[in-house]
Structures are given as structure tokens and as C-alpha cells.
Amino acid sequence: RGSVMIVLPELNKDVHKLEEICAGFDLQPRGSSGEHSAAVGGKWDISNKQRIGFTEVQLVQKMIDGVKKLIALEEELAEKAKQFNLPVIDSAFDPWLKGQLDASPEDVKNTDEFKYITFTELPPFVEAHKSLMSKTMTPELFAKLKDVKSS
């Protein structure tokens, strides 16, 4: 059997999906310490599932081809994970929110998954907003609190 150790942090987030994808390439993922073990740090031992009826060259080439596809998929998922997308709420609200986000100063607490927004005006809440803020924030309360800084 041919195998390769590879780190797949994005695919590691859904082990069942990884197993399904590997099965499609006739590959078998094993955890860091062998079959049925966890993949510590997203490190997987990927091997060919088929072992009989093919030459060694065919089996190794099939594993190489499948691993290349896994790497391409992992890179695609990693790139998508880097992109910050605002949730779609309403066609009128979304451009306003994007403008607020673009105008907000960088915050040291920003991450790839979350950006802190400094609102300069009361949000134009729509019916789709189900938050407590949309129910309680009045123009008067916003004016009173908009310049208050917290840690």
C-alpha cells in the first residue's frame, strides 16, 4: 500500500466529508496514529484503498492523483475561509452595513471570521432583524451611546 502524511486543516473540520471525498478517489484516510485514530493537528495518513488487481505503479499513481485533488480542494477551502462575507439580510440594509464596515477603523481584535464595526448612524433596521438591538435601539439612545467606548 502506498501512503502519504498530509495536513488538511479545512477538510479535518468535517471528517465524514473527508472520508466521503477520499472514497470517491479510492483513497482511505487514517488518523495520525493509524486507522480509527484522531488526526492530531489535521495530519492525515492517506493511502490507496485498492490493493489487488492493479500494478504497483497504477496503485501509487492513483494515490498521487487523488492526493493532488485533495490538496487542491484543501487550498480552495482555505481560500474561502479567508474571505469575510457579510450575512445577507435585506437588499436595502446590506449596502448600508457594507459602507459602515468599510468606513470602520481597523481593530486589533479583528479576525478573519469577525470584523468589529463602528456605527456612525442608527442602523436602518428591517423586519428581518430579530435582534434585541433592533427592538430597543431608538435614535435618542443611539445618539447618547454612539461615542461611548468600551474595552
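This report walks through the overall form of a predicted chain and then visits several of its residues.

## Ground rules

The model is predicted, so local features are reported at pLDDT of at least 70 and side-chain atom pairs at pLDDT 80 or more, while totals for chains, interfaces and linings use all residues. Residues are numbered from 1 along each chain as its sequence is written, and side-chain values use heavy atoms, with hydrogens and water left out.

## The chain as a whole

Let's start with the secondary structure. The chain has 5 helices and 3 strands, with helices (H or I, at least four residues) and strands (E, at least two) taken as DSSP runs and numbered from the N terminus. Read from the N terminus, the order of elements is β-α-β-β-α-α-α-α. The radius of gyration of the chain is 24 Å, well over the 15 Å that the globule rule gives for 151 residues, so the chain is more spread out than a compact globule. Here the radius of gyration is taken over C-alpha atoms, and the globule rule is 2.2 Å times the number of residues to the power 0.38. Along the principal axes, the C-alpha atoms fill a box of roughly 75 × 30 × 25 Å.

Of the 151 residues in the chain, 26% are buried; buried means under 20% relative accessible area, exposed over 50%, and partly exposed in between (1.4 Å probe, protein chains only). The chain exposes about 10,400 Å², and carbon and sulfur atoms supply 57% of that area. These accessible areas come from the Shrake-Rupley method with a 1.4 Å probe, and for residues only the protein chains shown count as cover. Among contacts between residues at least 6 apart in sequence, 52% join residues at least 24 apart, where contact means heavy atoms within 4.5 Å.

The chain has 20 positive and 24 negative charges, and their mean positions are 3 Å apart. Lys and Arg count as positive and Asp and Glu as negative, with His and the chain ends not counted; each charge is placed at NZ of Lys, CZ of Arg, CG of Asp or CD of Glu.

Asparagine 48 belongs to strand S3, which covers residues 43–48. Asparagine 48 is buried, with a relative accessible area of 4%. A polar atom of its side chain lies 2.7 Å from the backbone oxygen of glutamine 50. That is a polar contact, defined as a pair of N or O atoms within 3.5 Å; within protein, one must be able to donate a hydrogen and the other to accept it, and residues adjacent in sequence count only if both atoms are side-chain atoms. Beyond its neighbours within four places in sequence, asparagine 48 is in contact with Arg1, Gly2, Asp26, Leu27, Leu59 and Met63.

One of those partners, aspartate 26, sits in the loop between helix H1 (15–24) and strand S2 (27–30). Its phi is near 60°, a positive value in a residue other than glycine. Aspartate 26 counts as partly exposed, at 24% relative accessibility.

## The loop between H3 and H4

Now for the loop between helix H3 (93–103) and helix H4 (132–136), where lysine 115 is found. Serine 104 also lies in this loop and is buried, with a relative accessible area of 11%. A polar atom of the serine 104 side chain is 2.7 Å from the backbone oxygen of glutamine 100. Leaving aside neighbours within four places in sequence, serine 104 is in contact with Tyr116, Ile117 and Thr118.

Lysine 115 is partly exposed at 26% relative accessible area, and its side chain reaches the backbone oxygen of threonine 111 at 3.5 Å. Threonine 111, in the loop between H3 and H4, counts as partly exposed at 35% relative accessibility. For lysine 115 and tryptophan 44, 71 residues apart in sequence, the C-alpha to C-alpha distance is 32 Å.

Threonine 120, in the loop between H3 and H4, is exposed, with a relative accessible area of 51%. Apart from neighbours within four places in sequence, threonine 120 is in contact with Gln100 and Phe142. The C-alpha atoms of threonine 120 and lysine 69, 51 residues apart along the chain, are separated by 46 Å.
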